[in-house]
2 protein chains.
Amino acid sequence: MKRVLLALLTSGFTALTIGGLATAQTVDPLPSWNNGKAKKSIIEFVVKVTKKGSPHFVPPSERIATFDNDGTLWAEQPMYLQLFFALDRVKALSSQHPEWKDKEPFVSLLKGDVKGALAGGEQAMLEIVMATHAGMTSDEFAQIVKDWLATAKHPGTKRPFTEMVYQPMLEVLTYLRANDFKTYIVSGGGIEFMRPWTEKVYGIPPEQVIGSSIKTKFELRDSNPVLVRMSELNFIDDKAGKPIAINQHIGRRPIAAFGNSDGDLEMLQWTAGGTGARFALIVHHTDGVREWAYDRKSHVGKLDKVLDEAQTEGWTVVDMKKDWKVIYPPAKR
Amino acid sequence: MKRVLLALLTSGFTALTIGGLATAQTVDPLPSWNNGKAKKSIIEFVVKVTKKGSPHFVPPSERIATFDNDGTLWAEQPMYLQLFFALDRVKALSSQHPEWKDKEPFVSLLKGDVKGALAGGEQAMLEIVMATHAGMTSDEFAQIVKDWLATAKHPGTKRPFTEMVYQPMLEVLTYLRANDFKTYIVSGGGIEFMRPWTEKVYGIPPEQVIGSSIKTKFELRDSNPVLVRMSELNFIDDKAGKPIAINQHIGRRPIAAFGNSDGDLEMLQWTAGGTGARFALIVHHTDGVREWAYDRKSHVGKLDKVLDEAQTEGWTVVDMKKDWKVIYPPAKR
């Protein structure tokens, strides 16, 4: 009886151990990635910094990874997806703004001529943003964003915008977090435009979202405290603004950074320039069939200097067409 | 044999269960607090928002607690402790600045006349801060702060500044984190002055420290990326700046806030004004023997409006003299 019990226990234990090891070895953390240099470099980096006793070991509290959003985690063509939001808002608000009928960039926008509206450059863009992103409380703005996302669709793919995210990058986020990384978004996009949905879509909570912002002011309305969004720029989280914002929000230098355009250059330099093991990756949009193909001459997500620096510095370059088995996650409905 | 085994197992199980319950009931999470209204209100709030099935239950991701630093987590008399740092830096740097011999506020400072130096008000303060907090990289500044803390002592208590923290508040921080709260500092003090030591002293990591800041700029020095601290104010994290910074950094409204002066009014209002269970606490400095006694007329940590609003709103007011068994933690050496 005792021997049977012992045998049972022993065999059970052995099976469990082997089963556990087998699982650890065979589960692919990045199933949507084709085997190749890019995938290998991600896994090698994670193993290197998480393995106890490794000369490259980094304690969990210092495992900070920062991700650009537009073109790195979700699509950015034919224009930044936040602009679709702004345009829909201009239409929705136009009845309250009769003066827009005679005023650019609104005249063109309301006629559906986006290109004409944006011909006014940065100033036109700024006017569109302020007209649609300011004047309400932060809570009200979050609700407006959520309501828009619930029904809006990308005109090209007809997908909800939150399904224009890259499945292979979702797997990288999950893989890093499973290895005790803290994952952050560091985007030129609006911080309060992203926060209402990043937790659900990327698993990234609001406190780990960094972005561009307009100023807010604190007010008591019938003794109810609110933050009102003002028509004044606060911070542009792009280019050299990215390391500055990372330092301001996180106070630690990331050990891994992910981007796709020249706007990410300084974030990648800041990350790669630290001591110890470092990882820098860029997504190169090479798939004109399944997504879009663009780089050095693109009006959105221009990838020129960073493509050169990636070669010099040995950063990982993802060839979207070759490296990714799928682009988007399965449709939700 | 079977009966004996069963009895053993059963009695073991019972002992374990009762032992577990007894432990949960008898370990006091706030041993340095005298039993009274303040201590009771903290514990009741934590139990209310963490108990599953409670109508006041708050999911862990939304358990955000914000703490003022000066006068709430550590002492602020006879002047803000960061000013001692600035003054020591003026002395250390004076040989490199012969022009200070003829220039206020530096002339007075170098003669040891702090009161005279600060007679120049905000402008004098700003000049002292810029002369001592700007002009180096962020990494260099962090090292300067650490080096200073390693030897500097408070002139009154002769304690290292990092031992001028309040033991009862350290217990509140630990208690909240044990209940899955994220604890943040939201201070008028310098964000990069606090970050080098808050993790060790308070268990609060750099990414959960919010404070006032000067601007920084990104530079490549011999292709080495650095952030240089500039002589230009970026943000004053005080009064209405506190809810603004909380929204900017965290993107969620705290459910609990802790302060001690009128500079915390808007943070307390913003926190208390949300829906669901809310907690607001102020530390009232009433102990002229063990610490300092000051409130409505103090030049540092003025507590006037908030003391009135606490009465009206039913916020918890800590009477330091009556509520705290000890002020500081045991000396480290």
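A residue counts as buried under 20% relative accessible area, as exposed over 50%, and as partly exposed in between (1.4 Å probe, protein chains only). By that rule, buried residues make up 52% of the 333 residues in chain A.

This is a predicted model, in which local features need pLDDT of at least 70, side-chain atom pairs count only at pLDDT 80 or more, and totals for chains, interfaces and linings use all residues. Residues are numbered from 1 along each chain as its sequence is written, chains are lettered from A and ligands numbered from 1 in the order in which they are written, and side-chain values use heavy atoms, without hydrogens or water.

**Chain A as a whole**

Chain A has 13 helices and seven strands. Helices (H or I, at least four residues) and strands (E, at least two) are DSSP runs, numbered from the N terminus. Contact means heavy atoms within 4.5 Å.

| Property of chain A | Value |
|---|---|
| Box filled by C-alpha atoms, along the principal axes | roughly 90 × 50 × 40 Å |
| Contacts with a separation of 6 or more that join residues 24 or more positions apart | 66% |

**Two copies**

Chain A can be laid on chain B by a turn of 180° and a shift of 0.0 Å along the axis, with an RMSD of 0.0 Å. The two copies are thus related as by a two-fold rotation axis. His249(A) has the C-alpha nearest the axis in chain A, 3.1 Å from it. The same surface serves both copies: 100% of the contact residues of chain A recur in chain B. The superposition is by least squares on the C-alpha atoms of residues with pLDDT of at least 70 in both.

**A helix pair in chain B**

Helix 3 (residues 81-93) and helix 7 (residues 138-151) of chain B pack at about 100°, with axes 11 Å apart. That makes helix 3 of chain B roughly perpendicular to helix 7 of chain B, a term for angles of 65 to 115 degrees. By class, the contact has seven nonpolar, no polar and two charged residues.

Tyr80(B) lies in the loop between strand 1 (64-67) and helix 3 of chain B. Tyr80(B) counts as partly exposed, because its relative accessibility is 32%. Beyond its neighbours within four places in sequence, Tyr80(B) is in contact with Asp70(B), Val300(B) and Gly301(B). Tyr80(B) and Val300(B) are 220 residues apart in sequence, yet 7.4 Å apart in space, C-alpha to C-alpha.

Note on methods
Axes are lines fitted to C-alpha atoms, for helices over the stretch in contact, and angles run from 0 to 180 degrees between N-to-C directions. Angles under 35 degrees count as roughly parallel, over 145 as roughly antiparallel, 65 to 115 as roughly perpendicular and the rest as oblique. Ala, Val, Leu, Ile, Met, Phe, Trp, Tyr, Cys and Pro count as nonpolar, Asp, Glu, Lys and Arg as charged, and the others, Gly among them, as polar.
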